[in-house]
Amino acid sequence: NPRESVIDEINNKAVKMAKKEKDNSVYRFNYYNRKEKICVNTMVSLDENKNPMPTFIVFNGNTQEHYLAKELIVPEGYKLCVPPMIGLYGKLYRDIVFPDTIITDEVKSADIDAMITTNLKAWNLHPEDYYVIARNYIKFTWLFERFRYRPYLYLYGDWGTGKSSFGSHIVRLCQNGFVMMDISAPALARMLEMTNSVVMLDEMEKLDKAEADKMNTILRNGYEENGAYVVAEQEAKKFSPTMYYVDQPKILVRRQMTKDDALRSRIIPFNMIPRDKDIPDSMRKSDEGNTYEERRLEAVNITNLLLKW
């Protein structure tokens, strides 16, 4: 049938044209534009069926108003979309402590400080100044785009000093914070670009090895606003340079202080020492009960306050 052949040809051309059109949608957990005074954060509340429902809360700094959206066209020209709850993003939705409520009342820094300190002290025992630095770093991650420099928290100490535990409790209160272990430099660069989140890098003993040059490049460049990492992406037989922004705050956990002078100038060090003998029985975790869930709900309440703050 000649008419059907013409229709098939038109459909084939339409499919080919659709494939050629580049989708300009971008998934991110948060976004900030200083010039236009736009701030976007992800929150995850429950729908009427009690299923998790991620959405953007968009703050307009010009009018001091906010609204909810699944996507929006940002001034740079691309479409920003809420990440789907599947694949890699699905795992991050399970790991990250997202706000779930929009608070309209005034939130004072002193109240946030008290709640963060109480939460961190529940399972950790450290000098008082560690908690002061930690809670200020947590608040810093919620507005780090306003700062030119983004230093890293650096927790180091021997086995059993609680560095990973303390770091994990800090990062879950940070803006979209999650933990990664044994990740390559290119994968880390893509992850940071893809999520624009705060990451804790645990067990980073390889930083002083010769093959860690690429990872150290990310950490050196990511200290400053618009710090980037460039890799050669292959498409067919051609290679083209691709730039990933890696300037998000980070928490590094290792057993020793770094030997890299450049990295040492970019960190806030926490020297962890054994304190097991000083820990009271009331702080020890129990396999029974619902203690972890209680701490998680506390963390959600704190992120709600930080979102408003």
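## Surface patch

Val 230, Met 243 and Tyr 245 together form a nonpolar surface patch with about 280 Å² of accessible area. Patches are made of residues with over 30% relative accessible area and no salt bridge, nonpolar side chains (Val, Leu, Ile, Met, Phe, Trp, Tyr) being joined within 5 Å and like charges within 9 Å. A salt bridge is a side-chain nitrogen of Lys or Arg within 4 Å of a carboxyl oxygen of Asp or Glu. Accessible areas come from the Shrake-Rupley method with a 1.4 Å probe, and for residues only the protein chains shown count as cover.

The model is predicted: local features need pLDDT of at least 70 and side-chain atom pairs count only at pLDDT 80 or more, whereas totals for chains, interfaces and linings use all residues. Residues are numbered from 1 along each chain as its sequence is written, and side-chain values use heavy atoms, leaving out hydrogens and water.

Tyr 245 belongs to strand 12 (residues 238-245); strands (E, at least two residues) and helices (H or I, at least four) are DSSP runs numbered from the N terminus. Tyr 245 counts as partly exposed because its relative accessibility is 34%, where buried means under 20%, exposed over 50% and partly exposed in between.

Five strands form an open sheet in the order 9-10-13-8-14, with parallel pairing. Strand 9 (178-181) and strand 14 (267-271) are the edge strands, each pairing on one side only. From one strand to the next, the twist averages 20 degrees. Two strands pair if DSSP finds at least two bridges between them.

Strand 13 (residues 250-254) is largely enclosed by the rest of the structure, because five of its five residues are buried. Lys 250, Leu 252 and Arg 254 point one way, Ile 251 and Val 253 the other.

## Strand 14 and helix 4

Strand 8 runs parallel to strand 14, joined by five bridges, and Leu 155 stands opposite Phe 270. Helix 4 (residues 128-141) lies across strands 8, 13 and 14, at about 145 degrees to strand 14; axes are lines fitted to C-alpha atoms, for helices over the stretch in contact, with angles from 0 to 180 degrees between N-to-C directions.

Asn 271, in strand 14, is partly exposed, with a relative accessible area of 37%. Beyond residues up to four places away in sequence, Asn 271 touches Tyr 130 and Tyr 156, contact meaning heavy atoms within 4.5 Å.

Methods
Buried < 20%, exposed > 50% of the residue type's maximum accessible area, 1.4 Å probe, protein only.
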